[in-house]
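Good morning, colleagues. Please take a moment with the sequence and the model before I turn to the contacts between the chains.

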Amino acid sequence: MEMSMEMKENSTIHLAPVVQDDAQRGSSEVAMRLNDVSVAFSGKTVVRGATFDVRKGAVTAMIGPSGSGKTTLLRALNRLHDLTPGAEVKGQILLGQDDVYGGGIPTPILRARVGMVFQRPNPFPTMSIADNVTSGLRFNGVKDKKKLEEAIEASLWAAALWDSVKDRLKAPASTLSGGEQQRLCIARALAVEPDVLLMDEPTSSLDPISTQRIEDLMQDLKKIVTIVIVTHNMQQAARVSDDCAFLLMAEDRAGELIEFAPTAKIFNDPQDSRTLDYIQGRFG
Amino acid sequence: MTTMTSNMPETDSRLDLQQLMRQKYRRRVIVGNVILAFVMAALVVALIPLLSIVISVIDRGSKVLSTAFLTQVQQDPFAFDPYAIGGIWNAIVGSLVMDGIAIGAAIPLGIFSGVILSDAKGKIGTTIHRIFDVMIGLPSILFGLFVFFVLLGPVFNNAYSGMAGVIALTLMSIPLIAVATESAISAVPPTLNEAGLALGALPSRVMWNIKLPAARPAILTGVLLALSRAVGETAPVLFVIGQSREANWNPAAEQSSLPTLTFQYLQGFFPSQREAAWGIALILMTVVFLVNLTSRIISARSQRG
Amino acid sequence: MPMDQSTTSTNAAGDLSNVSSSPKFNLAARGDGRYNIAMRIGQALLAIFIIVFFGSIIIQSIPGWQSAGFGFFTSTDWSNADFKFGALSLIAGTLVTTFIALLFAVPVGISAALSIQFLLHRRLRVLFSSLVEVLAIVPSIVFGVWGVAVISPWTQHTLEPFLRDISGGAPPFQGEIYGIGLLLGGLVLGVMILPTVVAVSRDAFAMVPQTLIEGAYGLGATRTQVLFRVALPAARRGVLGAVTLGTGRALGETVAMATILGGVTNKFPSSAFDLGATLASTIARDFLEATGSQVGALGSLALILTVIVFVVNYIARKIITRQAVTL
């Protein structure tokens, strides 16, 4: 991957990488559809008017400066705002054919279908590595020993963690390094075989090598799960994503979707001048 | 970068699993709600006796309270006049005098002990720290026994004295204030400490001018906690202050206190004495409540400031 | 200096010594000789206070051991008036009342703390947690007043007959009903330590990282599962500390037990309805009338009590390292 040279003069913060246009990334089927989604806390709108499709088998990135509401929007997708008193989500979010906020899917079932990986690794400290992996299945009532054992191996394989932990599955999760813990959290989320995996700045607390490994992992993961990632790092978005949603804080401090397009288009030929400004590092 | 063309397979295993989880959903929601109902019921079970105490103390205590009850000294009822219990003025005076002096003495001693604890290093230092932590939870009667055995003979000539009670209450309060002070000092941000030292200030100056002022609200909370403990404690003074029926502003005289009079009345023969116990209980609870309210206001202010 | 190094040092005194060990600050430390001497003297005074305090408790118990001998721990017959000093009934009374107290306060207290922290609206949470914190420092004599007048009639006429009927009089619900037995003592103790258990365990629940709770919800856990499979295990140290702290308080409670319990000191309890006494209540009741070897025997009870409570509290403080508990 090469950096475009003419961007160098304003490269104090970010270099805008050139992304190859690749129409074949992901399918054209829609995994999740956002239709005019807004989130407000105690009446104060934090993000509004987000409309875009998350393509099945693709990596969709949400980028934008801090305060643009990317994490808030992400957490609307698995109804995590239900935990916050006073939070309100408007608009429509579809998971396949199901309306996320329509009452058709019970929230716990929805969250099993839309998994999540958080900014900081959060394995359950009192559980072993294996128990962490199977926790989601056990929460959801799966008790069959054979199923659980299969899930441990399959999920840890998928998270590229199996080889390093297969001899210490009974060890506490806290004995793992930060990067390994984050991959354990990915394995934990994969174990319930979700349709979509939400990743909220999954590498922000990790060192460069661990970050690299998780980025590599995502390319393999999208064969089995649709990924939506929030990142503050544009180069990461350029490296890992197929589609890109760019959000920006409006005058009233609410985040707005400025542009949604294939990643190559966002980075090479953005339609909105504010997108261009951002990827060239003029603000953020 | 390689091109990725494979569509995500709609595997049977994923659909089977999601189907299974949906089937299990109803059951676990029902079980979960039953458990939640028990958890909430436990809160009610916890509140019933606690509210019963508050309500019955207010209800039955307020029936006893009167100006005479508060201003007259204690009398002993007798068969022909079973309601002649007088008042509790002697106990009020005793509590005021003894608790006042005890807390007055415990504040400097406790804060100084806290400073020492925060400075304590090595094996001996940590052992002292640990033992002080544990002393907070020791039965308070031990402080009364200590004063009785060690001081009542040699210092007080085997005579009951309010001062013996003062010493017992002071000793009981010192660990409370000391541990509160120590944890408040250790909660002062190390950067403040380092800034002071970097300016060339002596450790004593840093302690006096930086750490203690920063720790003041938390120390005050500890002091108020010690005060509410001291006001309500029966056991430490039970063996050493006697049972004065006179109101003595002289702390060295034989004394009475609100909790010890309650204890005495609970074992009394006349129903009027047991009713009077409710009145004292109401006063004790009110004091504890007001002291707690004060410490809440202080800590709320310090968090804002 | 990297941030985490300065923030992980919890002890300010430790910091002080680190800084003053660098040559530049040694000067300052040397100039502060008086402060250091004062600290040394102060530390010595605290050590002397501790030695004298615990030493006196040990010394004044010696006459008791001499007069009662080994029978102190094997005989169940304690009668101050007859100079019989077998403490076994009292030790049993202490343990039985504390056990009943825990049977009530542990499940109720932990569940109440869970519901206050996780199930109530924010305003109610603040209200209830303030309420239990205030109740945790209500003087124990008030619990005595309440126990005698309000709960004792209830245990006598309602609870104890009910328990006897439902169990068919099987142990431990057998024998005569007085209403002022060990069961009453245990229940009042349970109510007494309940605010402490609730307040300290609620603190522990409040410290469970939000990320863990969100992580569990994010996997499809229900609220009950988050409470019992994630929050409770994550807060287990604080909860255990709360229970241990409550245990220490129940074991050492003096005046409430002295007013409530029947004060029968010469019978090893065989029923929850039995009259009984605890170590502390016996000291409080008998001490003022005691003479001669009776004083020494009560001193021995005090030593047993001290050892038991010291050990329990020591364990509690070792468990609760992060919370500053002053309840």
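This is a predicted model: local features need pLDDT of at least 70, side-chain atom pairs count only at pLDDT 80 or more; totals for chains, interfaces and linings use all residues.

Between chain B and chain C, the contact takes 82 residues from chain B and 79 residues from chain C, two residues being in contact if their C-beta atoms, placed from the backbone, lie within 7 Å. On the chain B side, helix H1 (residues 12–64) provides the largest share, 18 residues; helices here are DSSP runs of H or I, at least four residues long, numbered from the N terminus. That side of chain B holds 53 nonpolar, 20 polar and 9 charged residues. Ala, Val, Leu, Ile, Met, Phe, Trp, Tyr, Cys and Pro count as nonpolar, Asp, Glu, Lys and Arg as charged, and the others, Gly among them, as polar.

Residues are numbered from 1 along each chain as its sequence is written, and chains are lettered from A and ligands numbered from 1 in the order in which they are written.

The contact of chain C with chain A takes 15 residues from chain C and 23 residues from chain A. On the chain C side, H11(C) gives the most, with 6 residues. By class, this side of chain C has 7 nonpolar, 6 polar and 2 charged residues.

Finally, helix H4 of chain B, residues 122–135, has 14 residues. What do the buried residues of H4(B) pack against? They pack against helices H3 (89–119) and H6 (162–186) of chain B, together with helices H4 (33–59) and H16 (293–319) of chain C. Among these buried residues are B:Ile128, B:Phe132 and B:Met135, where buried requires 20 or more other C-beta atoms within 10 Å of the residue's own, placed from the backbone.

Conventions
Helices (H or I, at least four residues) and strands (E, at least two) are DSSP runs, numbered from the N terminus. The expected span of a helix is 1.5 Å times one less than its number of residues. A residue is buried if 20 or more other C-beta atoms lie within 10 Å of its own, exposed if 12 or fewer, and partly exposed in between; C-beta atoms are placed from the backbone.
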